[in-house]
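Please look through the sequence and the model below before reading on.

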Amino acid sequence: MIRWLVGQLTPMPVELRWADLRGLPRPPKTLETRIAAAVALYPCELLFVHRDAERDPPEWRVNEILTANGTNLPHVCVVPVRMQEAWLLHDEASLRQAAGRPNSREPLGLPSLGRIENLNNPKEVLHNALLVASGRTGRRVKQFNAAIAAHRLATLVNDWAPLRHLPAFQRLEADTRAALATINLQTDET
């Protein structure tokens with residue numbers, strides 16, 4: 001999603017890397033130490049820091065990120081209203097492909113775009129939709145890994161533009177545009 005968004009906002013070539021800290025001998029515990037470790041291992045000019053709002057107001061997570069960023073680097077707060085899984089519910093065709101059955105026709109019970117940020121448990125809704133799309137029943141249900149399918153789904157979505165109707169995504173886009181400008185990357189006014 002971030003790769004798509006940055007590509008929409010600047011024609012300049014940008015290298016994006018995910019700071020995977022899970023393989024460290026002692027993975028950092030706090031957000032502050034995770035940010036510091038990420039910058040040490042993956043030098044960069046701009047940070048994208050993801051925190052799901054979950055049950056808290058999104059502003060709390062934004063403030064948490066602001067406080068935790070002890071670097072001198074500009075950052076963008078990536079704070080979906082509940083969980084990032086809500087943002088994956090907008091593309092039914094990609095969801096079916098991620099589940100391994102792009103031509104399936106079972107009703108998935110996906111919420112409308114206007115409702116995805118208000119779901120109590122978007123991860124559960126996403127995993128259930130992936131399972132239904134997979135067509136697995138009986139013993140084969142246990143063989144389906146919805147978490148892996150959800151990760152695959154994030155790589156299959158080509159168009160995140162429908163999310164521009166959601167306040168949290170609008171904030172992400174505006175913050176990304178401003179952050180790109182602070183590091184002197186020309187932005188397109190789209």
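In the loop between which two elements is Glu-54 found? Glu-54 is found in the loop between strand E1 and helix H3 (58-68), where helices (H or I, at least four residues) and strands (E, at least two) are DSSP runs numbered from the N terminus. The structure is a predicted model, in which local features need pLDDT of at least 70 and side-chain atom pairs count only at pLDDT 80 or more, while totals for chains, interfaces and linings use all residues. Residues are numbered from 1 along each chain as its sequence is written, and side-chain values use heavy atoms, with hydrogens and water left out.

The backbone of Glu-54 has a phi near 50°, a positive value in a residue other than glycine. With a relative accessibility of 39%, Glu-54 counts as partly exposed, a class that lies between buried (under 20% relative accessible area) and exposed (over 50%), as found with a 1.4 Å probe and protein chains only. Not counting residues up to four places away in sequence, Glu-54 touches Arg-61, Val-81 and Arg-82, contact being heavy atoms within 4.5 Å. Leu-88 is 34 residues from Glu-54 along the chain, and the C-alpha atoms of the two are separated by 15 Å.

Helix H3 also holds Val-62, which, leaving aside its neighbours within four places in sequence, is in contact with Cys-77 and Val-79. On the H5 side the contact involves Leu-126, His-127 and Leu-130, which meet Ala-146, Ala-147, Ala-149, Ala-150 and Leu-153 in H6. By class, this contact of H5 with H6 has seven nonpolar residues, one polar residue and no charged residues; Ala, Val, Leu, Ile, Met, Phe, Trp, Tyr, Cys and Pro count as nonpolar, Asp, Glu, Lys and Arg as charged, and the others, Gly among them, as polar.

Val-157 has its place in the loop between H6 and H7, and at 6% relative accessibility it counts as buried. Leaving aside its neighbours within four places in sequence, Val-157 is in contact with His-90, Asp-91 and Ser-94. The C-alpha atoms of Val-157 and Glu-92, 65 residues apart along the chain, are separated by 9.6 Å. Asp-175, in helix H7, is partly exposed, with a relative accessible area of 32%.

A pocket, on a 1 Å grid over the protein atoms alone, is an open set of points where a 1.4 Å probe fits, with protein on both sides within 12 Å along at least five of seven lines, and lining residues have an atom within 4 Å of a point. The largest pocket has a volume of about 2,100 Å³, a volume being the space filled by probe spheres set on the grid points, which are joined across faces, edges and corners. Of the 50 residues that line the largest pocket, Ile-2, Arg-17, Trp-18, Ala-19 and Phe-48 lie nearest its centre. By class, the lining has 34 nonpolar, six polar and 10 charged residues.
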